[in-house]
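Keep the sequence and the 3D view open while reading.

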Amino acid sequence: MKLLYYPGCTLRTVAQTFDLSAKAVAAALDIELVELTDFTCCGGLFPQTTDNLMSLLAPARVLVHAQRTDPAQRLMTLCTFCYNTLKRTHYTLAQDAQKRAIVSEYLEEPYRAEVRVVHLLEVLRDDIGYEAISQKIAANGAVQALQGARVAPYYGCLLLRPSDEIGMDDPEQPTILEDLLHTLGCTVVDFPWKTECCGSFLSVSKPELARQCSQTIVQRATQLGAEMLVTTCPLCSYNIAYMGPNHTAMTVAYFTQLLGLALGLDQDQLGLRTDALHQQMTSQWKGGAI
Amino acid sequence: MRALIHKNNMQEKDLLREVEELSGQNLYACYQCGKCTAGCPLAFSMDILPHTIIRLMQLGQLEPVLSSNTPWHCAACLTCSSRCPKGVDLARVMEALRALLIRAGYAPIQVFRLPAELAAQLPQQAAVSALRKHSG
């Protein structure tokens, strides 16, 4: 299966482990990731004022670029912010012909509103299937790296909301991450704070507030006996690792890294030994596999 | 904020209409159940609680709303928007309030400084989105 892939800025810089591990996992599951060449910024956040067309241009440019590159393919993202911004922009432009016309005119290329933005989690659930992943894990030499690891799934905010535009899973009671983690053999902690915001970009403008948000999440996960928080977003990971209590006593990993471990991939391929932030995040895990 | 209100000879109700237009939301749909505030992860830090922001605007009192730290403490996590039983997208209202202040020149772009250790590992997405939220 071939998929267009949009990494975005953060996966090229401080979250290289996410990019690396996703590529390794995709290769192991026979997904061919074709990176969007010369990609530009998605804009970071979806503009929520009704008249702010200017902020739609950055994500629209990415969508038009994807449409030009391979109109038949879906555009896969990993970073929650890219996913949310691109998908909401597509939704807005698909619903509003007038906005689409103005944006298309500015970009000097009509956006046909046919690009389907997907997240790797959706590809794993809908295209590959958990059953097939399970079989692959068994076939790859029964790596028991994650057997019994007590992990708490953490979705954060923008992966699921607004659900009428994103539509990945239930915005209040999602299970897509839990279902994957069960497949990997983890012991999944029932974590009521899984969709609570980590403080997001407030770590820049109001760090003390992001700290309180992240601390709550880490403390609750600790109280519930979790050894690790599994995230899908570089900013969640950062806030939990750096804004949590004492630079956190909680291990943080991307879902792609755990999937890679379960598939028996080499730790270097998953960025588990190379990245400084990651080493700090994962050094305390008692399970020892990371 | 009285200055903003009187700057363009605007009445409070004109500004309220502008908030409704910018956000695309009907402020009078809110019946004050308080679910937005109950779910807001930043409510602890806000000087006016999210549902009170709407109530004040319903009553035509925009001045305390525009002086409040609430729009700036909103992380746009959309918890309120997804839980509102009346379909009011409060995150859009907060964005409209920020936009109103930014466009009137009352919220100059700030330079945020982080300790070097934190800045070195900061995801770029955070810098980009923080700037977006503070520049419209």
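This is a predicted model: local features need pLDDT of at least 70, side-chain atom pairs count only at pLDDT 80 or more; totals for chains, interfaces and linings use all residues.

**A covered helix in chain A**

**Helix α8 of chain A**
- Helix α8(A) spans residues 176-183 and is mostly covered.
- Six of its eight residues are buried.
- The buried set is Ile176(A), Leu177(A), Glu178(A), Leu180(A), Leu181(A) and Thr183(A).
- Just after α8(A), Gly185(A) has a positive phi of about 90°.

**Nonpolar cores**
- The largest nonpolar core holds 120 residues.
- Ile133(A), Leu184(A), Phe255(A) and Leu258(A) touch the most other members.
- Helix α11 (residues 234-243) of chain A gives the most to this core, with seven residues.
- Leaving aside neighbours within four places in sequence, Phe255(A) contacts residues including Leu177(A) and Leu180(A).
- Also among the contacts of Phe255(A) are Phe18(A), Leu78(A), His119(A), Val230(A) and Thr231(A).

**Helix pair α4 and α8 of chain B**
- Helix α4(B) covers residues 50-58, and helix α8(B) covers residues 90-103.
- They pack at an angle of about 65°, with their axes 11 Å apart.
- Angles of 65 to 115 degrees count as roughly perpendicular, and α4(B) and α8(B) are therefore roughly perpendicular to each other.
- α4(B) passes α8(B) in a left-handed crossing.
- From α4(B), the contact uses Pro50(B), Ile53(B), Ile54(B) and Met57(B).
- From α8(B), the contact uses Leu90(B), Val93(B), Met94(B) and Leu97(B).
- By class, this contact has eight nonpolar, no polar and no charged residues.

**Backbone features**
- In chain A, a cis peptide bond joins Arg161(A) and Pro162(A), with omega about -5°.
- Pro162(A) sits in the loop between β5 and α7 (163-166) of chain A.
- In chain B, Ala76(B) is not a glycine, yet its phi is positive, near 55°.
- Ala76(B) lies in the loop between α6 (70-73) and α7 (79-83) of chain B. At 6% relative accessibility, Ala76(B) counts as buried.
- Leu78(B) has a positive phi of about 70° although it is not a glycine.
- Leu78(B) is in the loop between α6 and α7 of chain B. At 3% relative accessibility, Leu78(B) counts as buried.

Methods. Residues are numbered from 1 along each chain as its sequence is written. Chains are lettered from A and ligands numbered from 1 in the order in which they are written. Side-chain values use heavy atoms; hydrogens and water are left out. Axes are lines fitted to C-alpha atoms, for helices over the stretch in contact, and angles run from 0 to 180 degrees between N-to-C directions. Helices (H or I, at least four residues) and strands (E, at least two) are DSSP runs, numbered from the N terminus. Angles under 35 degrees count as roughly parallel, over 145 as roughly antiparallel, 65 to 115 as roughly perpendicular and the rest as oblique. A crossing is left-handed if the near helix is turned anticlockwise from the far one by less than a right angle, and right-handed if clockwise. Contact means heavy atoms within 4.5 Å. Ala, Val, Leu, Ile, Met, Phe, Trp, Tyr, Cys and Pro count as nonpolar, Asp, Glu, Lys and Arg as charged, and the others, Gly among them, as polar. A nonpolar core is a set of buried Ala, Val, Leu, Ile, Met, Phe, Trp, Tyr and Cys residues joined through side-chain atoms within 4.5 Å. Buried means under 20% relative accessible area, exposed over 50%, partly exposed in between (1.4 Å probe, protein chains only).
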